[in-house]
Amino acid sequence: MALSIIIVNYKTTGLLLDCLTTMHTDAAAAGFEIIVVDNHSGDDGRSGVTAAFPQVIWVQMDYNAGFSRANNAGFRRAGGDTMLLLNSDTLPRSGVIAECYRRLRNSEYAACGVQLLNADGTPQISGNYAMKGGLNYLLPLPYGGSIIRRLGEWVKIGKPHVPGKGSIVEVDWINGAFLMVKKAAIDKAGAMDEDFFLYAEESEWCGRLKKVGKICLYGDLEVVHLQGVTANLLFGSDGKGYTDIYDRKGRQVMLSNFVRIRKQFGTGWFLVQLLFYIADIPVFLLGILLSRLTGKRRYSWIQFRQYCSNVAVIIRKSSTIIRNKPYLYKVI
């Protein structure tokens, strides 16, 4: 089987071993080329993983390069005709990877994903539709995001994600926790953009891949994704998902989203969204003051200060983002 699986690791040896163990409940896993790219974890994970799975190819980075650069290092080492980007905090059910590979190779699609599940079996957002200008990035705004959401529902703007489980669905981008791509498509679209450290890189990449061929989600194939575990370890966060913009993880999410907006939608949309984020500061302040009067406290002063700090980072980086020159947007 000419499938290369690339798993980026950063201090997640336990999760990585669980992932590989679950994967190998399927006999077909013996035919996978498995490449682990370690982002300078500085621990003894390599010895433990290679002892348990001697066939694993270990690629060692000499610094924490982030998701894009580590995966690109894996691409350069891989020999398969198809690449699977797989998070170390996933638990691939028996037969899923092999079936996904079979379907993709026999299809016209350039890339595909599967239905990601929480540990309790509930579905995660696994494949998404893109909104013009990346306007869905306005939805996490405190108070302002709720207003924008209601306006969108009023004018009947389509939801930017694929809800729940289902069969095959064509989408605009796939969650990078499980993203399978034909090598021929990578050769045409290019590898992942190495300006991204973490978050939004798969969205930008899928935007380029989609110019080569269609992208789909196989909703009947399921993989458990312990969402946010690896990133939370990195940023010292305890939140799941990518809408909490009030801590260090949120700062990286926000920065990466703005980088994607500039690269995929242009400077104009970048400036429009930045103005919304700035304008929401007084709205946020007013909302907190009113909530103290009504007794319905939704946000804290700590969240307000962190939000302002995160927006300030975007403002400071804005000239670099607009110039679109090579730069690693990393906040840790």
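Author: K132 lies in the loop between β7 (127–128) and α5 (144–154); helices are DSSP runs of H or I with at least four residues, strands are runs of E with at least two, and both are numbered from the N terminus. K132 counts as exposed because its relative accessibility is 64%, where exposed means over 50% relative accessible area, buried under 20%, and partly exposed in between (1.4 Å probe, protein chains only). The C-alpha atoms of K132 and F265 are 7.8 Å apart in space, although 133 residues separate the two in sequence.

The model is a predicted one, in which local features need pLDDT of at least 70 and side-chain atom pairs count only at pLDDT 80 or more, while totals for chains, interfaces and linings use all residues. Residues are numbered from 1 along each chain as its sequence is written, and side-chain values use heavy atoms, with hydrogens and water left out.

The salt bridges may now be taken in turn. Side chains of opposite charge can pair when their charged atoms come close. A salt bridge here is a side-chain nitrogen of Lys or Arg within 4 Å of a carboxyl oxygen of Asp or Glu, and a search of the whole structure finds 11 of them.

One of these pairs joins R103 to E99, with 2.9 Å between the closest N and O atoms. Both residues belong to helix α4 (residues 96–105), where they stand four residues apart, about one turn of the helix. R103 is partly exposed, since its relative accessible area is 21%; E99 is likewise classed as partly exposed, because its value is 23%.

R103 also forms a salt bridge with D220, and the closest N and O atoms of that pair are 2.9 Å apart. This second pair links distant parts of the chain, for D220 is in strand β11 (residues 215–225) and R103 in helix α4, 117 residues apart. D220 has a relative accessible area of 43% and is therefore partly exposed. These contacts belong to a network of salt bridges in which E99, R102, R103 and D220 are linked.

A further pair is found in helix α6 (residues 183–189), which holds both K183 and D187, four residues apart, about one turn of the helix. Their side chains meet in a salt bridge of 3.3 Å, N to O. K183 is partly exposed because its relative accessible area is 31%, whereas D187, at 56% relative accessibility, counts as exposed.

L275, I278 and I315 make a nonpolar surface patch of about 260 Å². Patches are made of residues with over 30% relative accessible area and no salt bridge, like charges being joined within 9 Å and nonpolar side chains (Val, Leu, Ile, Met, Phe, Trp, Tyr) within 5 Å. Accessible areas come from the Shrake-Rupley method with a 1.4 Å probe, and for residues only the protein chains shown count as cover. I278 is placed in helix α10 (residues 267–294) and counts as partly exposed because its relative accessibility is 33%.

As for cysteines, a disulfide is a pair of cysteine sulfur atoms within 2.5 Å, and by this rule the count is zero. C19 is in no disulfide, the nearest cysteine sulfur being that of C100, 14 Å away. C19 counts as buried because its relative accessibility is 0%, while C308 is partly exposed, with a relative accessible area of 22%.

Two loop residues have a backbone feature to note. K11, in the loop between β1 (3–9) and α1 (13–23), has a positive phi near 60 degrees and is not a glycine. Y199, in the loop between α6 and α7 (201–209), has a positive phi of about 80 degrees, although this residue too is not a glycine. K11 is partly exposed at 46% relative accessible area, whereas Y199 is buried at 8%.

Finally, the setting as a whole: the protein chain has 11 helices and 11 strands. Of its 332 residues, 53% count as buried. The C-alpha trace spans about 60 × 45 × 40 Å along its principal axes.
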